[in-house]
Amino acid sequence: MLFRNKKRYVVHTLGDPVLREVARPVGVITPELRLLAEKMIEVVKAFEGVGLAAPQVGESVRMVVLNLPMESMSDIPSAGEKQLLPEMPLVVVNPEIISSSPETECRDEGCLSLPDVWAPVERPSRVFFRTMTLDGKPVECECGGLLGRCIQHELDHLDGKLFVDRVEPVELGKVERELRQLQRYGEKHHFHRIKVK
């Protein structure tokens with residue numbers, strides 16, 4: 001048995017092929033899937049992330065953990081922010097974006113699978129989100145603010161995309177060196193680890 005202070009958490013990084021796969025839909029909620037969800041919650045908390053997709057821990061299934069703080073709520077919060085932020089951390093399966101607002105906004109994004117890389121990404125300001133919780137509860141709501149952006153970011157992971165795939169070429173050039181280093185490291189090691197104190 002490992003003690004918590006000796007436990008090591010793993011996030012797969014750029015260069016690992018699992019991050020470029022289209023994740024398979026979840027059919028049945030099994031005990032194994034629930035264990036994966038628990039592990040993902042531990043990992044996202046350990047790395048102090050706001051979201052984590054199953055491929056980032058090496059499992060190519062359509063499951064995401066959202067872990068945004070209440071303080072991330074917009075000044076004019078969307079219905080989804082009001083509904084979902086109090087539920088964090090929230091595990092969702094087979095999430096999908098039904099529609100997106102024509103209005104967009106550009107903000108810096110980072111990713112646990114691309115440690116220390118930040119770049120501006122333009123995304124729709126709001127999305128209409130549909131999913132199911134691990135307990136089979138359906139969720140449908142409009143999400144804006146950081147929650148809307150996080151949903152878009154994590155669903156990209158389920159389709160084998162990373163946020164840098166959406167970065168404009170000029171901005172991408174500013175982080176190209178770091179990306180090449182991560183790619184080489186990821187191809188060789190496939191993950192990075194931290195120890196929880």
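**The sheet and its surroundings**

Author: Of the chain's 197 residues, 47% count as buried, where buried means under 20% relative accessible area, exposed over 50%, and partly exposed in between (1.4 Å probe, protein chains only). Keep in mind that this is a predicted model: local features need pLDDT of at least 70, side-chain atom pairs count only at pLDDT 80 or more, and totals for chains, interfaces and linings use all residues. Residues are numbered from 1 along each chain as its sequence is written, and side-chain values use heavy atoms, with hydrogens and water left out.

First, the parts list. The chain holds five helices and nine strands, which are DSSP runs (H or I, at least four residues, for helices; E, at least two, for strands) numbered from the N terminus. In sequence order the pattern reads β-α-β-β-α-β-β-β-β-β-α-α-α-β. The radius of gyration is 16 Å, close to the 16 Å that the globule rule gives for 197 residues, so the chain is as compact as a globular protein of that length. That radius is taken over C-alpha atoms, and the rule is 2.2 Å times the number of residues to the power 0.38. Along its principal axes, the C-alpha trace spans about 45 × 40 × 30 Å.

Five strands make an open sheet, ordered 2-3-4-7-8, with antiparallel pairing; two strands pair if DSSP finds at least two bridges between them. Strand 2 (51–53) and strand 8 (138–143) sit at the edges with a single partner strand each, so one side of each has no neighbour in the sheet. From one strand to the next, the twist averages 35°. Axes here are lines fitted to C-alpha atoms, for helices over the stretch in contact, and angles run from 0 to 180 degrees between N-to-C directions.

K39 belongs to helix 1 and is partly exposed, at a relative accessible area of 38%. Helix 3 (residues 145–158) lies across strand 2, strand 3, strand 4, strand 7 and strand 8, and runs at about 150° to strand 3.

Strand 5 (residues 104–111) and strand 6 (residues 114–124) form it, with two residues between them, and they pair in the antiparallel sense over seven bridges. R107 has V121 in strand 6 as its bridge partner.

C111, at the end of strand 5 (104–111), counts as buried at 11% relative accessibility. Its sulfur is 10 Å from the closest cysteine sulfur, in C150, too far for a bond. The sulfur of C106 is 17 Å from its closest cysteine sulfur, in C111, also too far. Searching the whole structure turns up zero disulfides, a disulfide being a pair of cysteine sulfur atoms within 2.5 Å.

Note on methods: Contact means heavy atoms within 4.5 Å.
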